[in-house]
Amino acid sequence: MQKMVGVINDNLKSVINGIRTHRDDTEKKLNAINAKIDEKIKEASRHKTDVDASRALITSFENEIASLEKDLKELTERFADKNFVGILDAANKEINTRIIEKRAQINRYTDNIKLINNKARDLKEELTALKAKRNSVEKALKNAEVLYAFFQSKIQEIIDFSY
């Protein structure tokens with residue numbers, strides 16, 4: 001009889017160990033999800049920094065274009081009537097070339113911002129899915145902890161009673 005009680009108690013202990021293992025595995029899943037969420041948040045932060053830098057450069061280029069256009073207007077006003085057509089044409093070409101270069105750079109950075117925004121949108125969807133998964137795993141972990149505490153106490157009472 002004592003041997004049978006020992007076998008039953010061992011089986012009850014294995015149930016407790018199985019529940020503990022499930023709880024520990026669920027906790028590891030939750031930690032992995034939280035780590036992935038943290039990684040995605042850092043990635044989003046890098047995207048924000050990149051967008052801010054691109055916007056600052058675009059503003060700088062726009063200011064340079066405004067300055068170049070102002071210089072072009074001043075040159076035209078100053079030298080249009082004084083037979084400096086050759087110099088004026090060369091200055092116009094040079095300034096217009098710089099303006100075109102700056103606008104091309106603005107377009108590149110604008111395209112970069114659009115690309116980053118698309119990545120950010122995808123990242124937001126991933127984060128939403130991860131948060132939903134985290135909520136599910138947190139609920140499962142709470143249930144596993146309650147289950148473990150309940151069975152641990154009740155099975156321990158049975159084991160103690162059997163001796």
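**Exercise 1. Is Phe151 buried, partly exposed or exposed?**

Solution. Start with the cut-offs: buried means under 20% relative accessible area, exposed over 50%, and partly exposed in between (1.4 Å probe, protein chains only). Phe151 has 30% relative accessibility, so Phe151 counts as partly exposed.

Some ground rules before going on. This is a predicted model, in which local features need pLDDT of at least 70 and side-chain atom pairs count only at pLDDT 80 or more, while totals for chains, interfaces and linings use all residues. Residues are numbered from 1 along each chain as its sequence is written, and side-chain values use heavy atoms, with hydrogens and water left out.

**Exercise 2. Which salt bridge links Glu64, and what does the pair tie together?**

Solution. Take the rule first: a salt bridge is a side-chain nitrogen of Lys or Arg within 4 Å of a carboxyl oxygen of Asp or Glu. The whole structure holds six salt bridges. Glu64 meets Lys102 in one of them, at 2.7 Å from N to O. Glu64 lies in helix α1 and Lys102 in helix α2, so the pair ties together parts 38 residues apart in sequence. Glu64 is partly exposed at 30% relative accessibility. Lys102 is buried at 18%.

Arg98 bridges to Glu94, with the closest N and O atoms 3.2 Å apart. Arg98 and Glu94 are four residues apart in helix α2, so about one helical turn separates them. Arg98 is partly exposed at 41% relative accessibility. Glu94 is partly exposed, also with 41%.

**Exercise 3. Describe the two aromatic pairs.**

Solution. Rings of Phe, Tyr and Trp (its six-membered ring) pair if their centres lie within 6.5 Å; planes under 30 degrees apart count as stacked, over 60 as edge-to-face and the rest as tilted. A search of the whole structure finds two pairs. Take Phe61 and Tyr109. Their ring centres are 5.9 Å apart and their planes meet at 40°, so the pair is tilted. Phe61 sits in α1 and Tyr109 in α2, so the pair ties together parts 48 residues apart in sequence. Phe61 is buried at 9% relative accessibility, whereas Tyr109 is partly exposed at 27%.

Next come Phe150 and Phe151. This pair is edge-to-face, with 5.5 Å from centre to centre and 85° between the planes. Phe150 is partly exposed at 45% relative accessibility.

Methods: Helix = DSSP H or I, 4+ residues; strand = E, 2+ residues; numbered from the N terminus.
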